[in-house]
Amino acid sequence: MNTEREERIGRALDGFEIEIPSWGFANTGTRFGKFLQCAAAATMEEKFADAGQVHAFTGCCPSVAVHVLWDLPNGKDSASEALATAQRYGVRVGSINPNLFQDQQYKFGSLGNPDAAVRRQALSHLLESIEIAGVTGSRDISLWFADGSNYPGTANIRRRKKWFEEGLRAAHGALAGQQRLLVEYKPFEPAFYHTDIADWCMALLLARSAGPQARVLVDTGHHYQAQNIEQIVAWLLAEDMLGGFHFNDRRYADDDLTLGSIDPYQIFRIFHEIFLFKWETGTTPAIAYMIDQSHNLKPKIEEMIQTAVTAQELYAKASLVDWESLSRFQDRGALVDAEECLKAAFAEDVRPAIREWRKGKRLPEDPLAAFRASGYLEHAAKERGERNQAALSSYA
Ligand code: PSV
Ligand code: MN
């Protein structure tokens, strides 16, 4: 017999889907080098196959974010293949990420480049990405720009802002009815003096000026130390401008570590703001919960399963906050009671209830153990090992 608490957790998890990134399955590294893994995915097919494993064992990761340049080598000509391949592995193509930072022409920026010809190329890549989203049935086109400058005086910040407004407006004009532009911000890196979209408010202003289908994307790693991220989330919710997340954890900057590995309370507080908003307004905002992590050292599929399981646990905890009591305590200025009320939900052990939820869905109670027992990783290492080893020696 389900208790009310279990039902509440079950309802929360039924409505919680987490998008995983194709790039989380490939060999990645830092600017100091890569430690390659035998089982790492290299092709679009392998990435969808690995993502399919994460979804098969967790049941909560049905879609995969793709990066156009990395996953769709022929741009829009690869779109139907991506659609079919994803389907074959039991997942769907999620958000489309244009790549406006790797090509040589983007040395001085993309939409913010002083050269109009480069701005046009960037826009045409954005338009192609929107077309790809049309073919794959993806709702979101997720935009991150590396644009910025390294030295004071080298860039006209206001002119670049204007070019961004123009470019995003033009891209917005090409959206179909259900599609959205998500505008991601980041304070620094790779630019180290100014970044054109450096914080949530710049992203908000640009999204607003782009048009009604643009929203802000919050990457949890893209803030200065000590920034109160849940306050940003609360403000964006209040403004109906929160489009989605790139979840990851960090100790220092954009570390791309496993969600909840450093500060699980932070993620819980973000989820809490969302639940509180839903409870107060009776509305469910369209939020894309996405993971943006780079697993340099941990085995990639295992790490992604660990991430999805942790996200579910923190989300389930946040669903247990007693919102009525909390708001009563807040109104009365009962600080200790309000704080304890929030902490009580965080302290709940939700794992048994989540295991029950999984059983009810015919999912393995322990997704990580079940994946390990499947032998998939060993098989992938064997199949891909030779190629990945060859890449290792050519890299050395
Ligand atoms: C940039 O740091 C970022 O967070 C953007 O979302 C990119 O798309 C992603 O990482 C992968 O490089
Ligand atoms: Mn990101």
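Author: Helices (H or I, at least four residues) and strands (E, at least two) are DSSP runs, numbered from the N terminus. In these terms, D256 is placed in the loop between β11 (242-247) and α9 (264-281). Residues are numbered from 1 along each chain as its sequence is written, while chains are lettered from A and ligands numbered from 1 in the order in which they are written. The model is predicted, so that local features need pLDDT of at least 70 and side-chain atom pairs count only at pLDDT 80 or more, whereas totals for chains, interfaces and linings use all residues; side-chain values use heavy atoms, with hydrogens and water left out.

The setting comes next. The protein has 15 helices and twelve strands. Its radius of gyration (taken over C-alpha atoms) is 21 Å, close to the 21 Å that the globule rule gives for 396 residues, so the protein is as compact as a globular protein of that length. That rule is 2.2 Å times the number of residues to the power 0.38. The C-alpha trace spans about 65 × 55 × 40 Å along its principal axes. A residue is called buried under 20% relative accessible area, exposed over 50%, and partly exposed in between (1.4 Å probe, protein chains only); 54% of the 396 residues count as buried. Contact means heavy atoms within 4.5 Å. Among contacts between residues at least 6 apart in sequence, 78% join residues at least 24 apart.

The charges may now be considered. Lys and Arg count as positive and Asp and Glu as negative, with His and the chain ends not counted. The place of a charge is taken as NZ of Lys, CZ of Arg, CG of Asp or CD of Glu. There are 43 positive and 53 negative side chains, and the centres of the two sets lie 3 Å apart. Side chains of opposite charge can pair when their charged atoms come close. A salt bridge is a side-chain nitrogen of Lys or Arg within 4 Å of a carboxyl oxygen of Asp or Glu, and the count by this rule is 24.

One of these salt bridges joins R384 and E46, with 3.8 Å from N to O. R384 belongs to helix α15 (residues 376-395) and E46 to helix α2 (residues 44-58), so the pair ties together parts that are 338 residues apart in sequence. R384 and E46 are both buried. Helix α2 also supplies K47, which links to D71 in helix α3 (residues 68-71), 24 residues away.

Within helix α6 (residues 157-173), K161 and E165 are four residues apart, about one turn of the helix. Their side chains form a salt bridge at 2.8 Å, N to O. K161 counts as partly exposed at 44% relative accessibility, whereas E165 counts as buried at 17%. Elsewhere, E46, D50, R384 and R387 are joined into one network by salt bridges that share partners; E46 and R384 are the pair already described at 3.8 Å.

Helix α2 also holds H55, which counts as buried at 19% relative accessibility. Not counting residues up to four places away in sequence, H55 touches C60, C61, P62, G90 and V91.

Leaving aside residues up to four places away in sequence, E303 touches T258, Q293, H295 and K298.

Phi of D256 is near 55°, a positive value in a residue other than glycine, and D256 is buried, with a relative accessible area of 15%. R362 likewise has a phi near 55°, positive in a residue other than glycine, and is placed in the loop between α13 (351-360) and α14 (367-374). At 80% relative accessibility, R362 counts as exposed.
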